[in-house]
Amino acid sequence: LDVSQSMAGKKLKNAIDGTVNFIHRLGKDDQVYVYLFNDTLQELQPDGKVGDVSETLTKTLKGLYASGNTALYDAVCQGVKKSLELEKADQAKGEDRLYGMEVLSDGDDTNSQITENDMFRCLPSGEDVKEVKIFTISYGEDANQDLLLRIANRTNGKTYVSDPESIDEIYLSISA
């Protein structure tokens, strides 16, 4: 979730409301991990099974505010790494899950430690991507729609174009 300064006001409020509604649509045994990105990348706590963390996670999300620049590439790579770690741990326990990642951003990367090429190298790829699928939300007029589309396509995910008024509908589509 992009929490950079460009997300201030109604954009961030509606993005948070959409995120909260999305989390509440998940099954209680689904796992959720939220990364915030602006100048830095932060894994929001708590994380884990929705039934265990949704109430506290919702309160934490509602307290967020916008600041700083946008470390989009770092966030995408870290989310993929986390998903692959979870998948490996689940496989070791004999569990089979689907892994998806939602990336919402209203702009372009302005502050990552890695380059765009580095980010694309960390993404799973191929005709039949079996790892994490990335669903991107191009949020607002200034979003880099081309970049977000290429990220989603690379992982056989899907991209959406949204604004603050339609974000909840987009999250509903993703959760379906």
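This is a predicted model: local features need pLDDT of at least 70, side-chain atom pairs count only at pLDDT 80 or more; totals for chains, interfaces and linings use all residues.
Residues are numbered from 1 along each chain as its sequence is written, and side-chain values use heavy atoms, with hydrogens and water left out.

I then looked up the pLDDT, which is the predictor's confidence in each residue, from 0 to 100. The protein chain has an average of 93, and 98% of the residues score at least 70. Among the elements of the chain, the lowest mean, 90, belongs to α6, and the highest, 97, to helix α2 (residues 50–62). Helices (H or I, at least four residues) and strands (E, at least two) are DSSP runs, numbered from the N terminus.

**Entry: back to Arg121**

I placed Arg121 in helix α4, which covers residues 116–122. From C-alpha to C-alpha, Arg121 lies 8.9 Å from Cys77 in space, although the two are 44 residues apart in sequence.

**Entry: the three-stranded sheet**

I traced an open sheet of three strands, with parallel pairing and the order β3-β4-β5; two strands pair if DSSP finds at least two bridges between them. Its edge strands are β3 (100–105) and β5 (158–162), each of which pairs on one side only. Neighbouring strands of the sheet are turned by 15° against each other on average, direction ignored; the axes are lines fitted to C-alpha atoms, for helices over the stretch in contact, and angles run from 0 to 180 degrees between N-to-C directions.

Strand β4 (residues 133–139) is joined to β5 by five bridges, and the two run parallel. I also found that Tyr139 has Ser162 in β5 as its bridge partner. Helix α3 (residues 72–92) packs on the sheet, where it touches β3 and β4, and its direction makes about 170° with that of β3; contact means heavy atoms within 4.5 Å. Helix α5 (residues 145–154) packs on the sheet as well, touching β3, β4 and β5, with its direction at about 165° to that of β4.

**Entry: Phe135**

I found Phe135 in strand β4, and with a relative accessibility of 22% it counts as partly exposed. Leaving aside neighbours within four places in sequence, the contacts of Phe135 include Met101, Val103, Tyr160 and Ile174.

**Entry: the hairpin**

I saw that β1 and β2 form a hairpin with three residues between them. Strand β2 (residues 41–49) pairs with β1 in the antiparallel sense over six bridges, and Tyr35 stands opposite Glu43 in β2. Pro46 has its place in strand β2, and a cis peptide bond joins Gln45 and Pro46, with omega at about 0°.

**Entry: the nonpolar cores**

I looked up the largest nonpolar core, which has 26 residues, and those with the most contacts inside it are Leu1, Val34, Leu61, Leu104 and Ile137. A nonpolar core is a set of buried Ala, Val, Leu, Ile, Met, Phe, Trp, Tyr and Cys residues joined through side-chain atoms within 4.5 Å. At least two residues each come from α1, β1 (31–37), α2, β4 and α6, and α1 gives the most to this core, with six residues. Apart from this core lies another, of 17 residues, among them Phe37, Tyr73, Met101 and Met119.

**Entry: an aromatic pair**

I found that Phe22 and Tyr171 form a tilted aromatic pair, with 5.4 Å from centre to centre and 40° between the planes. Rings of Phe, Tyr and Trp (its six-membered ring) pair if their centres lie within 6.5 Å, and planes under 30 degrees apart count as stacked, over 60 as edge-to-face and the rest as tilted. Phe22 lies in helix α1 (residues 10–25) and Tyr171 in helix α6 (residues 167–175), so the pair ties together parts that are 149 residues apart in sequence. Both Phe22 and Tyr171 are buried.

Key. Buried means under 20% relative accessible area, exposed over 50%, partly exposed in between (1.4 Å probe, protein chains only).
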